Amino acid sequence: MDIILLKDLDKVGDKHELVSVKPGYARNYLIPQGLALVANDANRAKLNEIKRKEEEELAARKAEFVEMADNLKGKVLKIGAKAGTSGKIFGSVTNVQLAAALKDQMGIEVDRRRVILPEDDIKTLGAYVAELKLHPEVDIKVNFEVVEE
């Protein structure tokens with residue numbers, strides 16, 4: 001069954017992409033959850049209008065994202081973690097913790113999927129640099145330090 005995705009879905013496709021999925025998955029999950037539309041002629045025509053509106057909205061928010069990026073320049077976030085004597089932390093620091101630190105320390109709310117860490121798992125104390133993809137044209141490097149609690 002062909003559908004138009006309304007949101008990015010892992011292992012399925014990206015937003016506004018025309019994909020083919022099993023009919024039961026589309027009818028029972030994607031369409032009722034508002035994640036997709038049936039790819040009929042009317043919805044395909046409506047897709048261009050939806051894309052245009054979202055591009056306008058994104059362009060309007062670009063200035064907001066640039067301001068956020070300017071506020072983050074030169075600042076260092078501190079993320080606390082319990083660590084052993086050798087500096088190795090128990091567990092790891094993830095993009096979820098970095099997004100929470102951005103919200104708590106800077107007042108900037110960012111979706112965790114927009115935070116890209118330099119390594120898959122950060123397991124030692126120290127200074128790191130992560131990348132935030134706020135907008136297709138606005139990326140910023142964020143300095144953060146993992147410190148012992």
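## A partly exposed glutamate

Glutamate 64 is partly exposed, at 39% relative accessible area. Here buried means under 20% relative accessible area, exposed means over 50%, and partly exposed lies in between (1.4 Å probe, protein chains only). Arginine 61 is also partly exposed, with a value of 34%.

The side chains of these two residues, arginine 61 and glutamate 64, meet in a salt bridge, 3.5 Å from N to O. A salt bridge is a side-chain nitrogen of Lys or Arg within 4 Å of a carboxyl oxygen of Asp or Glu. Both arginine 61 and glutamate 64 sit in helix H2, residues 41–72. They are three residues apart, about one turn of the helix. Helices (H or I, at least four residues) and strands (E, at least two) are DSSP runs, numbered from the N terminus.

## About the model

This model is predicted: local features need pLDDT of at least 70, side-chain atom pairs count only at pLDDT 80 or more, and totals for chains, interfaces and linings use all residues. Residues are numbered from 1 along each chain as its sequence is written, and side-chain values use heavy atoms, leaving out hydrogens and water.

The structure holds 11 salt bridges. One of them joins glutamate 145 and lysine 78, at 3.1 Å from N to O. This pair links distant parts of the chain, 67 residues apart. Glutamate 145 lies in strand S9 (residues 138–148), and lysine 78 lies in strand S4 (residues 76–81). Glutamate 145 is partly exposed at 28%. Lysine 78 is partly exposed at 44%.

Arginine 113 bridges to aspartate 111, with the closest N and O atoms 3.0 Å apart. Arginine 113 is exposed, at 59%, whereas aspartate 111 is partly exposed, at 36%. Glu131, Lys133, Asp139 and Lys141 are linked in a network of salt bridges.

## The sheet and its helix

Four strands form an open sheet with mixed pairing, in the order S4-S9-S8-S6. Strands S4 and S6 (115–116) stand at the edges, each with a single partner strand, so one side of each has no neighbour in the sheet. Two strands pair if DSSP finds at least two bridges between them.

S4 and S9 run parallel, joined by six bridges. Leucine 77 stands opposite phenylalanine 144 in S9. Helix H3 (residues 95–106) lies across S4, S6, S8 (126–135) and S9, at about 120° to S4. Axes are lines fitted to C-alpha atoms, for helices over the stretch in contact (heavy atoms within 4.5 Å). Angles run from 0 to 180 degrees between N-to-C directions.
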